[in-house]
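Subject: Handover of a structure and its findings

Dear colleague,

Please find the structure below, followed by an account of what was found in it. I would be grateful if you would read the two side by side.

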Amino acid sequence: MFTLLVVVAGLVAGYGLLKWYIKLPRCKSAATLHGKTVIVTGSNTGIGKTTAMDLARRGARVIMACRDRHRAEAAICDIKKETGNNEVVFMELDLASLQSVRCFAENFLKSEPRLDILINNAGLVNGGKTKDGMGMIFGVNHLGHFLLTVLLLDRLKECGPSRVVTVSSKGHVHGKIDFNCLSTHKDLAVGETDWALFQKYCHSKLCNVLFTHELAKRLDDTNVTCYSLHPGGIKTEIGRHAGFWARTMLAPIIALCFVDAESGAQTTLHCALQEGIESLSGRYFSCCAVEELDAKAKDDAVAKKLWEVSETLCGMS
Ligand SMILES: NC(=O)c1ccc[n+]([C@@H]2O[C@H](COP(=O)([O-])OP(=O)(O)OC[C@H]3O[C@@H](n4cnc5c(N)ncnc54)[C@H](OP(=O)(O)O)[C@@H]3O)[C@@H](O)[C@H]2O)c1
Ligand SMILES: *[C@@H]1O[C@H](CO)[C@@H](O)[C@H](O)[C@H]1NC(C)=O
């Protein structure tokens, strides 16, 4: 009887703790963004859409950098209706094509005088290759965003204080960067099973953190700061291509522990808007607070090498 009571009490306490843990803190900044321009990649759904919604509500001009015009227009319609802000515009960006990234940057720089906040949010866990023959996950989650950021840096510098926010994941702790695999396969690992794709996802999210680490150093004498983050476990469309078994096994965890996309935008918003975090440039955030990284996620040499390899893969050096 006593054992049973202990077990029940343990379960109740555990559930309470879980609920407390998953009640994510909110971005406290009251900043308004009239006259400012932001780009959010992958903003037609999920965390990107709720991020764009919040920034539009604050008065920003929001560039919806998405690959599918149809899906983007539907989201823009929702955002305009909800916020009353009509300065929400679609610009085509397919991060799975370096050519598309270059086109986007060219269009943007020609037509938009300002860039105050760049949010590298788009991400996926799909197999396959990009138009350039890179692994899809590496190509979209890291390389496309790398090129995009580099091409927009001068505009960000002109508009400082400005910020680059890159949505990573807690999953980066399981990642590693295999430069040999990258040079032979243009990918971070081989294989296309759900498990292999999940591993590649973690590797790509480690790239996001290392990219931000190196970017901060390169921006040291400018008014541009940058941050990476974990948004929380969020109910979105990210698992839409997962196989049957992965879906079935994850379903109860997602139902119990994952929260809505509006909560999922809070740490992104914190990094984009919170006053006074400039001295934390290059760092990683979770639950609207800076979080310490493992040594491998702030390894100067690996971060520098990843930057150089990325430049080569983008045909920049
Ligand atoms: N959900 C979570 O629990 C969680 C946890 C940790 C980190 N994250 C990160 O949060 C970010 C947002 O993910 P989410 O959960 O909101 O997923 P989502 O609902 O699947 O949204 C992903 C967005 O990225 C876009 N995208 C995918 N491939 C693209 C490409 N080649 N070019 C341009 N856009 C592309 C998608 O566009 P389409 O609609 O056209 O496919 C979509 O708008 C990702 O970086 C993800 O890694 C999520
Ligand atoms: C950064 O911003 C400050 C204040 O706006 C300005 O005085 C300074 O010149 C800027 N620095 C650079 C490198 O642009």
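A residue is called buried under 20% relative accessible area, exposed over 50% and partly exposed in between, with a 1.4 Å probe and protein chains only. By that criterion Phe211 and Trp307 are both buried.

This is a predicted model, in which local features need pLDDT of at least 70 and side-chain atom pairs count only at pLDDT 80 or more, while totals for chains, interfaces and linings use all residues. Residues are numbered from 1 along each chain as its sequence is written, chains are lettered from A and ligands numbered from 1 in the order in which they are written, and side-chain values use heavy atoms, leaving out hydrogens and water.

Aromatic pairs

Rings of Phe, Tyr and Trp (its six-membered ring) pair if their centres lie within 6.5 Å; planes under 30 degrees apart count as stacked, over 60 as edge-to-face and the rest as tilted. The count by this rule is seven aromatic pairs. The ring centres of Phe211 and Trp307 are 5.7 Å apart and their planes lie at 15°, so this pair is stacked. It links distant parts of the chain, with Phe211 in helix H7 (residues 194-218) and Trp307 in helix H11 (residues 300-313), 96 residues apart; helices (H or I, at least four residues) and strands (E, at least two) are DSSP runs, numbered from the N terminus. Phe146, Phe211 and Trp307 form one aromatic cluster.

The sheet

Eight strands form an open sheet in the order E3-E2-E1-E4-E5-E6-E7-E8, with mixed pairing; two strands pair if DSSP finds at least two bridges between them. Strand E3 (88-92) and strand E8 (289-291) are the edge strands, each pairing on one side only. Strand E4 (residues 117-120) and strand E5 (residues 162-167) run parallel and are joined by four bridges, and Ile117 stands opposite Arg163 in E5.

Helix packing

The axes of helix H2 (residues 46-57) and helix H3 (residues 69-83) come within 10 Å and cross at roughly 35°. Axes are lines fitted to C-alpha atoms, for helices over the stretch in contact, and angles run from 0 to 180 degrees between N-to-C directions. Contact means heavy atoms within 4.5 Å. The contact is made by Lys49, Ala52, Met53, Ala56 and Arg57 of H2 with Ala75, Asp78, Ile79, Glu82 and Thr83 of H3.
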